[in-house]
Amino acid sequence: MNMIKTRAAVAWEAGKPLSIEEVDLMPPQKGEVLVRIVATGVCHTDAYTLSGADPEGVFPAILGHEGAGIVEAIGEGVTSVAVGDHVIPLYTPECGECKFCKSGKTNLCQAIRATQGKGLMPDGTTRFFKDGKPIFHYMGTSTFAEHTVVPEISLAKISKDAPLEKVCLLGCGVTTGMGAVKNTAKVQPGDTVAVFGLGGIGLSVIIGAVMAKASRIIAIDINEDKFDIAKKLGATDVVNPKNFDKPIQDVIVEMTDGGVDFSFECIGNVKVMRSALECCHKGWGESVIIGVAAAGQEISTRPFQLVTGRIWKGSAFGGVKGRSQLPGIVEQYMNGEFELDTFITHTMGLDDINHAFDLMHEGKSIRTVILF
Ligand code: NAD
Ligand code: AHE
Ligand code: ZN
Ligand code: ZN
């Protein structure tokens, strides 16, 4: 098979708009798969890397990690997917063989993490080129392209009945938020929850908390335009920290007779991470960091906060093992156990992808889905 031409949004350098152009894509090599991307969401992490703040951000690159598509070709030795299969690319792969996969303690498969973090395929090279020069991959997925090549272990095979233009959101945002509640925090019926940041991630935490039968779900954002959706999805209280003279953690502690059982930081702001920890109940409250903060940023609190029983944790991709668990989450969606429509505030073609980033920065979108 020869190089194919495909259309992609190329990030030539940090801080610049993406450029839509035709690029060359090498056929899938051993253990790799060619996927035609049907739809992709735009996540804040794409904007974070594009901003230049990501220490692993390399340019030029094809960003995007919240996609869904159809297998068009398989490389040598690929057995777990076939041409025509519907798939969701995974930035957290699942090899099933590494120490991490076998531990039963984490979803953070490390089989290809080193090359993935450098924008390379596992053999240390790229499949994308422009005028003969390599273009880096991103998070092992590069879904801002009509076609992409990914390792076989980075694909979850899903039902052909699932609408790809919706379940693409399970490639990151919705799985991350719901999974952080279920797998990382393990929220139980009756527990109280505070959610900081009401973007795609925070709103998915709300969905997860409703599914877990939390008794109270306090949704916090400085953009009150997010409150209606938060309430529609099941938030019991909405709070804007700007409306108070005292620290938001004090406000939440007063509202909840001593603090919440669980809090989730879904922004990537280290100061808010502190508030999220400190609004947790003495003796048992747990705070889960989901937001991504840049290199150089550090979290702090008085150690007394931990000495007195609060727990600080983090969660990546909601603790979900992509190949073994994501197909089941797609089934849950198909069975009507949660919805995705509310998240999709905008849809547009690849040509307009820079507008999707503008909408995110202006706080006007939850998720924009790019349709190819
Ligand atoms: P988003 O931009 O859609 O939403 C962020 C929300 O935070 C917005 O509603 C914004 O108004 C609010 N906000 C900003 N500053 C605030 C403040 N000081 N106080 C209260 N609210 C504030 O982003 P998103 O796509 O939902 O992503 C959220 C974060 O999660 C990002 O940091 C992203 O990189 C990260 N993320 C992490 C994972 C993971 O696996 N850990 C997965 C996906 C995204
Ligand atoms: N390169 C970034 C990593 C940022 C990060 O923490 N990424 C999350 C997923 S965000 C999806 O929207 C993650 O899964 N982390 C685990 C991992 O192995 O990267 C940085 O800041 O260095
Ligand atoms: Zn993401
Ligand atoms: Zn592994």
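This is a dialogue about how terms are applied to one predicted model.

Modeller: The model is predicted, so local features need pLDDT of at least 70 and side-chain atom pairs count only at pLDDT 80 or more, while totals for chains, interfaces and linings use all residues. Residues are numbered from 1 along each chain as its sequence is written, and chains are lettered from A and ligands numbered from 1 in the order in which they are written.

Biologist: What makes helix α9 largely enclosed?

Modeller: Helices are DSSP runs of H or I with at least four residues, strands are runs of E with at least two, and both are numbered from the N terminus. Helix α9 covers residues 270–278, and seven of its nine residues are buried, so the rest of the structure largely encloses it. The buried ones are V272, M273, R274, S275, A276, L277 and E278.

Biologist: What covers the buried residues of α9?

Modeller: Contact here means C-beta atoms, placed from the backbone, within 7 Å. The cover includes β10 (192–196), α8 (248–255), β13 (262–265), β14 (286–289), α10 (304–307) and β15 (311–314).

Biologist: How do you know that strand β8 is mostly covered?

Modeller: Five of the five residues in β8 (residues 147–151) are buried. In a regular strand the side chains alternate between the two faces of the sheet. In β8, H147, V149 and P151 are buried on one side, and T148 and V150 on the other.

Biologist: How do you know that β3 and β8 pair?

Modeller: Two strands pair if DSSP finds at least two bridges between them. Strand β3 (residues 32–41) and β8 have five bridges, in the antiparallel sense. In one of them, V35 is the bridge partner of T148.

Biologist: Which strands pair over two bridges?

Modeller: Strand β2 (residues 19–25) and strand β6 (residues 128–130) do, in the antiparallel sense. L25 stands opposite F128 in β6. These strands belong to an open antiparallel sheet of four, in the order β1-β2-β6-β7.

Biologist: Why are β1 and β7 said to stand at the edges?

Modeller: β1 (4–10) and β7 (133–135) each have a single partner strand, so one side of each is left without a neighbour in the sheet.

Biologist: How many residues surround ligand 1, and which are the closest?

Modeller: There are 33, and the closest are H44, G197, G199, I201 and G268. The elements giving two or more residues to this shell are α1 (44–51), α5 (173–185) and α6 (200–211).

Biologist: How are the two shells divided by class?

Modeller: Ala, Val, Leu, Ile, Met, Phe, Trp, Tyr, Cys and Pro count as nonpolar, Asp, Glu, Lys and Arg as charged, and the others, Gly among them, as polar. Around ligand 1 there are 17 nonpolar, 14 polar and two charged residues.

Note on methods. Buried ≥ 20, exposed ≤ 12 C-beta atoms within 10 Å, placed from the backbone. Contact = placed C-beta atoms within 7 Å. Near = placed C-beta within 6 Å.
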